[in-house]
Amino acid sequence: MSIHRIQVTKNAFCHKKSVVTIGNFDGMHLGHMALISLANQVALTQNLHRILVTFEPHTHEFFAICNHTTPKVRLSFLRDKFNLLAQEQLVDELVVIRFTSAISKMSPQDFIQNILIKKLNTDTIVIGNDFRFGYKAMGNKDDIAATGIK
């Protein structure tokens, strides 16, 4: 497993079609492990590259700092996520997106096009039911599905 820190301005790095699971993964609990397991099943049946995408800093930490409030306590740190994913060989790539003001202001459509499609070559995405993304968390699974990503 390799780890990548990607920037929106850099070229794509994944040339093989991929199954992507994305989220903060603030603690590798049973719900998160179920998403990863489902992504692995999809990868196996469709011969896709397995990519897990997370954010650093955690989005809640970023917004707490911006709003001058105290961030929630983390359940796990990036190194803990990496160690678990590597030890169990749960993904092929761990992609860490540096969560910045520019990323927080990215529209859902820009995120889909510039990250999921152009950078990660996403064929299929596995996300939780409450997953929201993009500026003011306006994007959801329907926005992703509208692009043809399964």
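Strands S2 and S5 pair in the parallel sense over 4 bridges, and S2 also runs parallel to S3, to which 5 bridges join it. The model described here is a predicted one, and its secondary structure comes to 6 helices and 5 strands, which follow one another along the sequence in the pattern β-β-α-β-α-α-β-α-α-β-α. Of the 150 residues of the protein, 45% count as buried.

**Nonpolar core**

- The largest nonpolar core has 21 residues, and those with the most contacts inside it are Ile22, Val53, Ile97, Phe111, Leu116, Leu120 and Ile144.
- Strand S2 (18-22), S3, S4 and helix H5 (108-117) each supply at least two residues of this core, and the largest share, 4 residues, comes from H5.
- In soluble globular proteins, nonpolar side chains tend to be buried together.

**Salt bridges**

- A search of the whole structure finds 2 salt bridges; in general, side chains of opposite charge can pair when their charged atoms come close.
- The side chains of Arg50 and Asp92 meet in a salt bridge, with an N to O distance of 3.1 Å. This pair links distant parts of the chain, 42 residues apart, with Arg50 in strand S3 (residues 49-56) and Asp92 in the loop between helix H3 (78-87) and strand S4 (93-98).
- Arg50 counts as buried because its relative accessible area of 18% is under the 20% limit, whereas Asp92, with a relative accessible area of 25%, is partly exposed.
- Asp123 forms a salt bridge with Lys150, and the closest N and O atoms of the two are 3.0 Å apart. Here too the pair links distant parts of the chain, 27 residues apart, with Asp123 in strand S5 (residues 122-126) and Lys150 in the segment after H6.
- Asp123 counts as buried at 15% relative accessibility, whereas Lys150 counts as exposed because its relative accessibility of 53% is over the 50% limit.

**Surroundings of Asp143**

- Asp143 has its place in helix H6 (residues 141-145), and with a relative accessible area of 24% this residue is partly exposed.
- When residues up to four places away in sequence are not counted, Asp143 touches Gln109, Ile112, Phe133 and Met138; for one of these, Phe133, which lies 10 residues from Asp143 along the chain, the C-alpha atoms of the two residues are separated by 9.9 Å.
- A polar atom of the Asp143 side chain lies 2.9 Å from the backbone nitrogen of Asn140.

**Contacts and surface of the whole protein**

- Among the contacts in the protein with a separation of 6 or more, 80% are accounted for by residues 24 or more positions apart.
- The accessible surface of the protein comes to about 8400 Å², and 54% of this surface belongs to carbon and sulfur atoms.

Definitions and conventions:
Residues numbered from 1 in each chain as written. Predicted model: local features only at pLDDT ≥ 70, side-chain atom pairs only at ≥ 80, totals over all residues. Heavy atoms only, no water. Buried < 20%, exposed > 50% of the residue type's maximum accessible area, 1.4 Å probe, protein only. Contact = heavy atoms within 4.5 Å. Polar contact = N/O pair within 3.5 Å; in protein donor to acceptor, adjacent residues only side chain to side chain. Salt bridge = Lys/Arg side-chain N within 4 Å of Asp/Glu carboxyl O. Core = buried A, V, L, I, M, F, W, Y, C linked by side-chain atoms within 4.5 Å. Areas by Shrake-Rupley, 256 points an atom, 1.4 Å probe, with all protein chains shown as cover. Pairing = 2+ DSSP bridges.
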